[in-house]
Amino acid sequence: MTVHWTRRQLLRLAGTATLTGALTGALRAEGIETQTALPAAQTPHLPFGLTRPVHVGEVCLRAKDVARLKAYYTSMLGLDVLTDAPDAVTLGAGGTPLLHILARPDATPEAPGQAGLYHTAFLMPDRADLARWLVHVARSQIPLTGFADHSVSEAVYLTDPEGNGVEVYSDRPQETWLWAGNTVTMGSKELNIDDIFLKTQTRTDRDEYTTVPAGLRIGHIHLRVGGLETARGFYADGLGLDVVAGSDERGATFLSSGRYHHHIGANIWESRDAGPRQDAMTGLDWFSLHTSDQAILEGRRADLQAKGFAVSAIEGGFEALDPWGTRVRLLLV
């Protein structure tokens, strides 16, 4: 079996015959048209984005069919089942919880025009892990929606069975990222699949992605919002994240902590002027940001309250509602 066979297989899964077509799917995903846990003592080395003063921790989804989503994420990514109950499931990697799925059998599907989740982005520890995972999804016939090289990262896009967007990616070394002052360059070009396989010396004749990498984490989350200025008022002015990319003309803004390319993306491509979110719909229930700095936790709480945002205490930190009612938790970990 050759590298080119696996490449063709990946293209078929993305519903296209060419890399250009796959890039189109990835650009569309970005909104641009053209069960055994490791003990805590074995904490893995984490990628750069997870070492920043603030980073994404966990995501919680509301699902009509918990079992179906559980099966998808355990098959597609190999996530470990950390807790399993009829009304809620927690999935993770290396003993760390990443994805919570809540049973909402009577919920209505969230419409694309609603504010909410655009995609959850799972960050592979390194490029070799991404390569092994690519072979896994190809040989498992898991549909893809596109893939692209974003200069700072190499990304693959999927959609889960209930319509939630998913990105799986690995970062390029941060010393290769291009910064102009406080703005980082993030492009979108064809992903060189052959190079990924060849440079990582990944076998394509068998599936060697036998378990989820212990260091896999959620690297960023991308949201649908009703307005970019309003989003920056909450996520930058309130939560203290830095605006590092995007523009009103592009219809998206990207924010991060500690010069990561982005921990949060927000766009209005499908949701311009969206109103409050509906709790009776599927989709995002809450997501968390983590920090190890008590001063950051207290400072962000004070800033949000001073700006009139609803803030409530929860174990380990606080929860705030963004302007569209998305629940955001800042936790001390």
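Modeller: Let's start with an open sheet of 8 strands, with mixed pairing and the order β6-β7-β8-β5-β11-β14-β13-β12. Strands here are DSSP runs of E with at least two residues, numbered from the N terminus, and two strands pair if DSSP finds at least two bridges between them. This is a predicted model, where local features need pLDDT of at least 70 and side-chain atom pairs count only at pLDDT 80 or more, while totals for chains, interfaces and linings use all residues. Residues are numbered from 1 along each chain as its sequence is written, and side-chain values use heavy atoms, with hydrogens and water left out.

Colleague: Which are the edge strands?

Modeller: An edge strand pairs on one side only, and here those are β6 (146-149) and β12 (242-247). Direction ignored, neighbouring strands of this sheet are turned by 20° against each other on average; the axes behind that angle are lines fitted to C-alpha atoms, and angles run from 0 to 180 degrees between N-to-C directions.

Colleague: How many bridges join β12 to strand β13?

Modeller: There are 5, and the two strands run antiparallel, with β13 covering residues 252-256. To find the pairing on screen, look for V243, which stands opposite L255 in β13.

Colleague: What should I know about side chains in a strand?

Modeller: In a regular strand they alternate between the two faces of the sheet.

Colleague: Is H119 buried or exposed?

Modeller: Buried means under 20% relative accessible area, exposed over 50%, and partly exposed in between, using a 1.4 Å probe and protein chains only. H119 counts as buried because its relative accessible area is 1%. Its side chain also makes a polar contact with the side chain of E167, at 3.0 Å. A polar contact is a pair of N or O atoms within 3.5 Å; within protein, one must be able to donate a hydrogen and the other to accept it, and residues adjacent in sequence count only if both atoms are side-chain atoms.

Colleague: How many salt bridges does the structure hold?

Modeller: A salt bridge is a side-chain nitrogen of Lys or Arg within 4 Å of a carboxyl oxygen of Asp or Glu, and the structure holds 19 of them. One of them joins R172 and D149, with the closest N and O atoms 2.7 Å apart. This pair links distant parts of the chain, 23 residues apart: R172 is in the loop between β8 and β9, D149 in strand β6. R172 is partly exposed at 25% relative accessibility, whereas D149 is buried at 7%.

Colleague: What does strand β15 pair with?

Modeller: Strand β15 (residues 283-291) pairs in the parallel sense with strand β18 (residues 327-332), over 6 bridges. Here L289 stands opposite L330 in β18. Strand β17 (residues 317-321) also pairs with β18, in the antiparallel sense over 5 bridges, and E319 stands opposite R329. In the hairpin of β17 and β18, with 5 residues between the strands, G325 takes a positive phi near 90°.

Colleague: Which salt bridge does D285 form with R327, and where do the two residues sit?

Modeller: Their closest N and O atoms are 2.7 Å apart. D285 is buried at 7% relative accessibility, while R327 is partly exposed at 23%. Both belong to a network of salt bridges that links R62, D279, D285, E319, R327 and R329.

Terms used:
Helices (H or I, at least four residues) and strands (E, at least two) are DSSP runs, numbered from the N terminus.
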